[in-house]
Amino acid sequence: MKIISKQKLKAYEIYSYLKQNDEEKVIQAFEKFEKGHKGNFLGSIYFNAAEAYFRSSEYAKAYRIYDKFISKYSYMTEAGHARLRMALISDIQDRPKNVVLELYKHAINRSQNSDVSLEARIRYVGLRTIRKISPSEQDSETRVFLDKGTNRKLSQNLERLLWQVRLRSFVVDRKYEEALSFLTALPISGMNLSDKKVFEDDGAEIVYGLIDDYFKKSDYSNLVRIWEIYKT
């Protein structure tokens with residue numbers, strides 16, 4: 001404590017709390033430190049405090065501190081992650097779509113981290129082509145962003161986000177047979193309950209879409225066949 005600055009000690013303390021997933025202690029430590037100190041803080045203090053606010057759903061505070069972090073430490077590799085968080089916060093808060101899309105584009109273009117860039121691309125495609133009521137041909141062309149580029153292993157959350165967006169793209173295009181083939185290839189049985197429910201709910205929509213298509217074509221034998229296979 002004699003040879004290390006108070007700010008660096010606080011940075012280690014905040015990081016340790018965040019590593020233990022104790023966001024409440026991170027926020028308490030940051031707010032107390034912020035009241036007693038003026039001037040710029042170390043980048044890690046800003047970033048980890050913003051992350052704690054984000055995880056605690058205090059989005060306005062998280063956005064403000066991420067923005068401050070980027071304005072002072074845009075050269076740090078974590079700046080890309082901060083830009084992605086700012087875009088996601090804007091998305092969660094239902095800000096105008098053109099604003100959110102622009103923030104995702106910033107995260108895509110300015111990130112040095114390939115996973116951050118891929119997540120930004122996935123969410124960009126989701127907002128532009130899956131959650132839009134009438135996507136244009138130009139919108140649909142952005143689905144090329146869903147190509148992860150290599151066979152590198154993705155984190156579980158990122159991989160499942162990519163699966164979901166690809167699956168939903170089949171659903172909104174009413175390509176139900178392709179959607180069903182894609183869904184049955186996914187390891188749903190090994191997922192946790194909340195993730196499993198998301199994909200099973202999509203599966204219900206896919207089966208209903210197939211039944212509806214067969215009904216409109218008067219193809220009742222296939223209609224009944226699909227129902228009997230997937231009704232449970």
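Predicted model: local features only at pLDDT ≥ 70, side-chain atom pairs only at ≥ 80, totals over all residues.
1. **Helix α6, extent.** Helix α6 spans residues 97–110, 14 residues in all. From first C-alpha to last, α6 reaches 20 Å. That is close to the 20 Å expected at 1.5 Å a residue.

2. **Helix α6, buried side.** The buried residues in α6 are V100, L101, L103, Y104, A107 and I108. Seen down the axis of α6, they fall within an arc of 160°, so they line one face of the helix. The general rule for such patterns is simple. An α-helix has 3.6 residues a turn, so residues three or four places apart point the same way.

3. What do the buried residues of α6 pack against? Their partners are α4 (59–73), α5 (78–92) and α7 (114–130). The face of α6 turned away from the buried side carries N98 and N109, both exposed.

4. **R174.** This residue is not a glycine, yet R174 has a positive phi of about 60°. R174 sits in the loop between α9 (156–172) and α10 (176–184). Its relative accessibility is 42%, so R174 counts as partly exposed.

5. **S218.** Here too the backbone deserves a look. S218 has a positive phi of about 60° and is not a glycine. Its place is the loop between α11 (193–216) and α12 (220–230). With a relative accessible area of 44%, S218 is partly exposed.

6. **Largest pocket.** The volume of the largest pocket is about 490 Å³. It is lined by 18 residues, and those closest to its centre are E119, R123, N157, L158 and L161. Which helices each supply at least two residues of this lining? They are α5, α7, α9 and α11. The largest share, five residues, comes from α9. By class, the lining of the largest pocket has six nonpolar, six polar and six charged residues.

7. **Second largest pocket.** This pocket has a volume of about 400 Å³. Its lining has 15 residues; L183, E200, G203, A204 and Y230 are the closest to its centre. Two or more lining residues come from each of α10, α11 and α12. Helix α11 gives the largest share, six residues. By class, the lining of the second largest pocket holds ten nonpolar, three polar and two charged residues.

8. **Pockets and helices together.** Helix α11 supplies at least two residues to the lining of the largest pocket, and α11 also gives six residues to the lining of the second largest pocket.

Note on methods
Residues numbered from 1 in each chain as written. Heavy atoms only, no water. Helix = DSSP H or I, 4+ residues; strand = E, 2+ residues; numbered from the N terminus. Expected span 1.5 Å × (residues − 1). Buried < 20%, exposed > 50% of the residue type's maximum accessible area, 1.4 Å probe, protein only. Arc of directions from axis to C-beta. Contact = heavy atoms within 4.5 Å. 1 Å grid on protein atoms, 1.4 Å probe; cavity = no way out; pocket = protein on both sides within 12 Å on 5 of 7 lines; lining within 4 Å. Points joined across faces, edges and corners; volume = space filled by probe spheres on them. Nonpolar A, V, L, I, M, F, W, Y, C, P; charged D, E, K, R; others polar.
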